[in-house]
Amino acid sequence: MSDVKLYVYDLSRGLAKSMSLMLTGKQIDGIWHTSVVAYGREVFYGQGILEAKPGTTHHGQPLQIIDCGKTEIDEQTFNEYIASLQEMYTPSAYHLIEFNCNHFSADVVAFLTGGQIPGWISGLPAEFLSTPFGQAMKPQIDAMFRRTTAAEHPVNQPSMPAPGPSGSAALPTPPVSGTSTPSAPIASSLLNAVASAATARPTQPTHPTPKPTPSPETSPLTLVTSMANFNAILTQHPAVIVNFTNTPTCPPCRAIKPVYETIAQEFSTAYGSKGARFVEVELSVGEGRDIAGRNGVTATPTFGFFRQGKKVDELRGASKRELEIKVEQFLEDTWPRHAHRNIFLAQLEGMPVTPIASGNVPNFAALVAKMESFGVTGADLDVIKMNLVPALDTKTTLSDQQLRSTVQTWSDVSGRLLGKLKPEETFPIIDLWRVALINPRLSALLAIQINDHQSINPIMPILDLASQTLKQKSTGTPKPFLLTVLRLLTNLIAALPLANLLLDSAADALLAIIVDSLLHPDNTVRSAAAGVAFNLSTVRHRDAKERNAAPEDGEEKEWEVELVSALVEAVAREEDEDVAHRLLAALGLAVFLAPGYDESLKPLLEVLDAKKTVEGRIKLYKKKEVKKLAEDIAKIC
């Protein structure tokens, strides 16, 4: 008999909890690593199945210890069970999302107690790693999973850790939840990953990318050896496909295995973040035969299809084509593809979604001189000359601490200057922020500052000033001021973490500026506003495309509906074909693959008579690409 404990570690060292909402748009409390403690040993999966004295692994002290109950299984039987798993849980079979330490812990806890590990542990890593930021952090997290120390060694080796006074290794007391502090290397890695995510620019391939052919050891499959873990997977995931196989004695099983692995690799990319899981049950390992029997499997290979925990279909035999058709149809029935996927939209499908950036660097000396002429002097001017300009100079390398200090100081100075200068005198201040956002490290630090101190957002005074100035139509809005604001917003939305923060806190002010500017009498202002609108449209479009744009994946937000309305009106009025091209691109991306399209956007487009509006403009366009883009948009309006 032994107590069974689940040790829980947060690989992000608290960073996921504090920054995930800003960087991914969803709250994620941790990137969980787990191990099982029983018989005075901490057993876990990383570089194979390892063990150590409890609390001495390279992950340090656990963030939480969960009591999983007691086991009546003797230690010798436990050792034999672990030995049977070693052929599967090898170092090369490790997969960060689909076959990691948490899957091992689930199997072991189920074997010892018949219980399950909490769903919040097994579900969150895949949710986080399916996001663009999670992908940026993947190498650091992967390295932490795989690391080992001298205190860790393969299971069932003679060099066991010394027992405690009672014959079992003493369990350490876990720290209070949330007290773990990120190490300097991890914090530095995070900052670099944020910078990369903030400036990521998706590129269009020049030729079709070949589908990957994964090896059997790295395919995104979950191997299940216990009934409890199998049932937990069915409970936690809405769509589960299971290969009931007997590889050692079944030639058809061996033939179809690599095919199934390739299918799992391909469809996990599109459906994994939705909750689709691909599972293998080896009848010769653990409780595999019992799992198969309880699910009516009488021959191998058999593929079972489970939706919401219930078996809805199965396929027997090793037909490659039948398996591909079954899997595709099952996932299509579970998550119907967006209606736009069934329409031929060559121009929209092939249109680059790289955000527009306003990247020109001004003459800093002239900009400083302009501010001096507006009465900026003393300490404020010194901050600009001595701190900010060197930080914006790409030839100067500053430390993270110097940059943090610069961002904080410049935030304070710009807030004071915006409050006392006339609107037409503020454009140099705003332009310096625009240039700062070109620098990925500076924009990342700004995102961190805003996220950590929700009451401190140096961009908000600029938006407020622009909104108030636009409302005073009797005096007119100074063109240099408005153009600079729009170019600032272009760069702000191009950086995804900052875009998420802006849309969460200032969508109304942002839309007010865009809507007014799209109808401005000046051509350059309208073009700049169309660029901001395009970048806004790319935010949701990229997200929808990554999630395969199932209709039920989300509802249109209020700002998106308002943006579409403004773009339809702007398209109807725009006479300049280059500006019209930007407007059409923004409208197309805002509508194409939009989640909740049938419920919200489609009725809105019908009320606006958008189809007729766009079709009426096609004959006015002379450029072939503009005409074709307008024709595609008319099809989805």
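Modeller: Let us begin with burial: a residue is buried under 20% relative accessible area, exposed over 50% and partly exposed in between, with a 1.4 Å probe and protein chains only. This is a predicted model, in which local features need pLDDT of at least 70, side-chain atom pairs count only at pLDDT 80 or more, and totals for chains, interfaces and linings use all residues. Residues are numbered from 1 along each chain as its sequence is written, and side-chain values use heavy atoms, with hydrogens and water left out.

Biologist: Why is Cys-101 called buried?

Modeller: The relative accessibility of Cys-101 is 0%, so Cys-101 counts as buried. Cys-253 also counts as buried because its value is 0%.

Biologist: How many disulfides does the structure hold?

Modeller: There are 0 disulfides; the term requires a pair of cysteine sulfur atoms within 2.5 Å.

Biologist: How many aromatic pairs does a search of the whole structure find?

Modeller: The search finds 14. Rings of Phe, Tyr and Trp (its six-membered ring) pair if their centres lie within 6.5 Å; planes under 30 degrees apart count as stacked, over 60 as edge-to-face and the rest as tilted. The ring centres of Tyr-45 and Phe-104 are 6.4 Å apart and their planes stand at 45 degrees, so this pair is tilted.

Biologist: What makes the pair of Tyr-89 and Phe-104 edge-to-face?

Modeller: Their planes stand at 75 degrees and their centres are 5.2 Å apart, so the pair is edge-to-face. Tyr-89 and Phe-104 are both buried, and together with Tyr-45 they form one aromatic cluster.

Biologist: Which parts does the pair of Tyr-45 and Phe-104 tie together?

Modeller: Tyr-45 lies in strand 3 (residues 41–46) and Phe-104 in helix 3 (residues 101–113), so the pair ties together parts 59 residues apart in sequence. Helices (H or I, at least four residues) and strands (E, at least two) are DSSP runs, numbered from the N terminus.

Biologist: In what order do the 5 strands of the open sheet lie?

Modeller: The order is 7-9-8-10-11, with mixed pairing; two strands pair if DSSP finds at least two bridges between them. Strand 8 (residues 239–245) and strand 9 (residues 276–282) are joined by 7 bridges and run parallel. One of the residues involved is Val-240, whose bridge partner in strand 9 is Arg-277.

Biologist: Why are strand 7 and strand 11 said to stand at the edges?

Modeller: Strand 7 (222–223) and strand 11 (310–316) each have a single partner strand, so one side of each is left without a neighbour in the sheet.
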